[in-house]
Every structure is written in structure tokens, then in C-alpha cells.
Amino acid sequence: MSAATPDLQHRYIEPLDVLFLRGNKLFGDPGSHGESLVPPWPSAAAGALRSQVLAHDGVDLRAFAQGDVDHPSLGTPTAPGSFALTAFTLARQAAGGSVHTLHALPADLVVTKNNAALSIQSLRPQPPSHGLQSSGSLVQVPVLPEAVRRKAETGLWLTQTGWQSYLSGHLPNPTTDLVETRELWAIDARVGIGMDAGTRSVEEGKLFTAQAVAFKPGIGFVASVRGTPLPEQGTLRLGGDGRAASSQSVAHQTPQADLHAIAAQGRCRVVLTTPGLFTQGWLPNGFAPQSDGQHWLVLHGVRARLVCATVPRAETISGWDLARWQPKAALRAAPTGSVYWLDQLQATPEALGKLAESGFWSVACEDTQRRAEGFNRFALAAYDCA
């Protein structure tokens, strides 16, 4: 293993078989149905990559799971060391080998269809109209300015070009910057049979179905990691049943907003790129409510006021702890794509970069395991999307 720890590394992960990417619904009773979650939680990629590093370095996995081995950069199962997954997204590999990421639609973008043509609009923060009562705790509410109400389209992903446009404050192009789910993967229902763990025999009446995800050729994931050297290429065990996936080093330029422009304008949007496990529910770590009811962010040299937010319904994050061979605690999370508008921003471009690099984690870090697994990550974007 190299003694030097590289800064930021990107790995393109492509499934070699169907994947079983379980969500958080109960599963196991006779007749139950296991739904898949695409993309999976970032913890799935973090666990697969850490296991690959341990195997590559010849570490006794049983001893590591029991806490008897302290890896130089992965630490122990309870103290994961310097390893940190900083991004995990869907991706598409072009014929020439270049990789382009695909992103979930931010919550402030609404795609509608008029006849066969798609259009994209953005929610705008506005003060509530005079006399209008609202249960919101912020000074402004997100409003969609449209003349005709239409049902929002679902099952769409932003291309890397569209994501860069969004971060820069421009509406993505609905013709070229959107990709339908059916172009990326298909669902393959599989029937399973319950078995007795002791006798290894079939248990009568215990049939179940599970969703296998069959990715289209050239579709996979990009994972970005700091804090530990990763093998340049290799094979991973990913998702349920440990299905095979290849991993290879790729050069990837992460899209980002103009931090100098954001610092000069004194306002921005924050968009979650992975689920947010926050101690205050929907409110990210680092925000503190004031006596006047307002919320201020004070974190990593950045100070700003939260004026508006659009946060979809909370989801539940759990997982399976291989080291302890037991479920992880179930936690409520703000979904990927949640958007927060900030104004009265006081920060240098360097401080903004540090905040984005660290995620919504304090210096002391509320949960070192979940931090290493890639939760609470976000991107900064221009305040308006015109």
C-alpha cells in the first residue's frame, strides 16, 4: 500500500450482473416484496470500496470486524479513520471511455409536459402574501410561477451539463439535459424461497419476490473518495447478495458554481447531493434558530441566514452492519435534492469551498461512521435559476 494518501479520487463503478439494491421497507415475511432503491444510499458504495481496500491490503476481514486491526486510513469499524465518501451519483460512460454523471432533479425544479414537449420551471422564494397564513417557519415560501397547472413529470435525471447549468443559475435545457429512467436501467422481478439456516433446506410456504436492477450497457456510478488510497481498478461486491461490479479510476471534473460570484452576491442555494442525517430533522447541522424565529448558519467560517427551503417528505435510512452482523439504526433523513436558500451570506470563496468539501458536519462531527459513508453532502448553487 502506498504511504501517501491522495486527495480526491474518482472511481467509475459498473455492475457486471443485476444488482439487488434494497431500500428500507420490511422484507422477509412469506409473500413479501423487496423493492430496489436506485441509486442506493452512499453507504453501499462506501462499504464496497472500504472492503476492496481491506482485501487489497491483505487485512484479515474477521479481525478488522472485531476491532482487532487498526487500518492506517480506514481505522476500525467504530472509528473509520480518514476515509470519506464525498460524492456518489449515477453515471454514463461514453464510447471513448469518458464518464459523465447523472443527477437527481433538485426539489426546486419542476418538469411538465405540454403535448409532447417538456418544459422546466423553478420555484422562487417569495414572502407570503399579506393576510395569507402559513405553517412554514421561514420568512419566505417557494412559489411556482405558472399560468396553467400541470402534473409534474417524474423518472427524469439531469445530465452533467444540465447540472452545471443549474449550479450556475440557469435552467437546464429540457431537450438535451434530461434523461429518462428507462434509458438507464430496467427492473427484473426475481422469486426467492426461504431456507432454514440450520438445515439448509427449503421452508414450506416462504416464497418472496425481490426487484433486481438490470443496468443498461455503459451505465454505472461515480464515487468520489478522500482520505485513503484506492486500488486503480478491481472488482467490488455491491448491494444485496454481493453481486459483482467493476471499479476503475477515472478523471472527472466535478461541476461546481462560481464561488467568487456567490461570495460577492452574498446569497446562494444549497442542494443536498446525498441524504441529510440532521440532528434537527429537516434543518441541516450548523443552523441555529434565533429568538426572533430566524435560522442562521454558522459553520466552517460561513455565516448566512436561511430564508426559504423546499424539502420533500423525509425518508428513512438504515442499512446492514456487516461488522456487528445486525441492522443499523433507522434514521429520518432529508432527501437528496432538498434545496435551501441563503442570504446575508458572509464568507470568502475559500470558506465556501471548505464548507462544501466538509458537508454539513461540524468539526467535532456528530457521527463519524455516517460521515465516512457519504451522508450530508451538498453542492452550492447560484441563488436564482433563470
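I count two strands as paired if DSSP finds at least two bridges between them. Helices (H or I, at least four residues) and strands (E, at least two) are DSSP runs, which I number from the N terminus.

**Ground rules.** I am working on a predicted model, where local features need pLDDT of at least 70, side-chain atom pairs count only at pLDDT 80 or more, and totals for chains, interfaces and linings use all residues. Residues are numbered from 1 along each chain as its sequence is written, and side-chain values use heavy atoms, with hydrogens and water left out.

**Entry: strand β3.** I looked up the partners of β3. Strand β13 (residues 219-226) runs antiparallel to β3, and eight bridges join the two. I found T89 opposite V222 of β13. Strand β4 (residues 99-104) also pairs with β3, antiparallel, over four bridges. Here Q93 has V99 of β4 as its bridge partner.

Next I looked at cover. Buried means under 20% relative accessible area, exposed over 50%, and partly exposed in between (1.4 Å probe, protein chains only). β3 spans residues 84-93, and seven of its 10 residues are buried.

**Entry: Q52.** Is Q52 buried or exposed? I read a relative accessible area of 9%, so Q52 is buried. Q52 sits in helix α1 (residues 42-56).

I listed its contacts (heavy atoms within 4.5 Å). Leaving out residues up to four places away in sequence, Q52 touches P231, Q233, G234, T235, L236 and S247. Q233 is 181 residues from Q52 in sequence, with 10.0 Å between their C-alpha atoms.

**Entry: whole chain.** I count six helices and 25 strands in the protein chain. Its radius of gyration is 22 Å, close to the 21 Å of the globule rule for 386 residues, so the chain is as compact as a globular protein of that length. I take the radius over C-alpha atoms; the rule is 2.2 Å times the number of residues to the power 0.38.

The C-alpha atoms fill a box of roughly 70 × 50 × 45 Å along the principal axes. Of the 386 residues, 47% are buried. I also checked contacts with a separation of 6 or more: residues 24 or more positions apart account for 71% of them.
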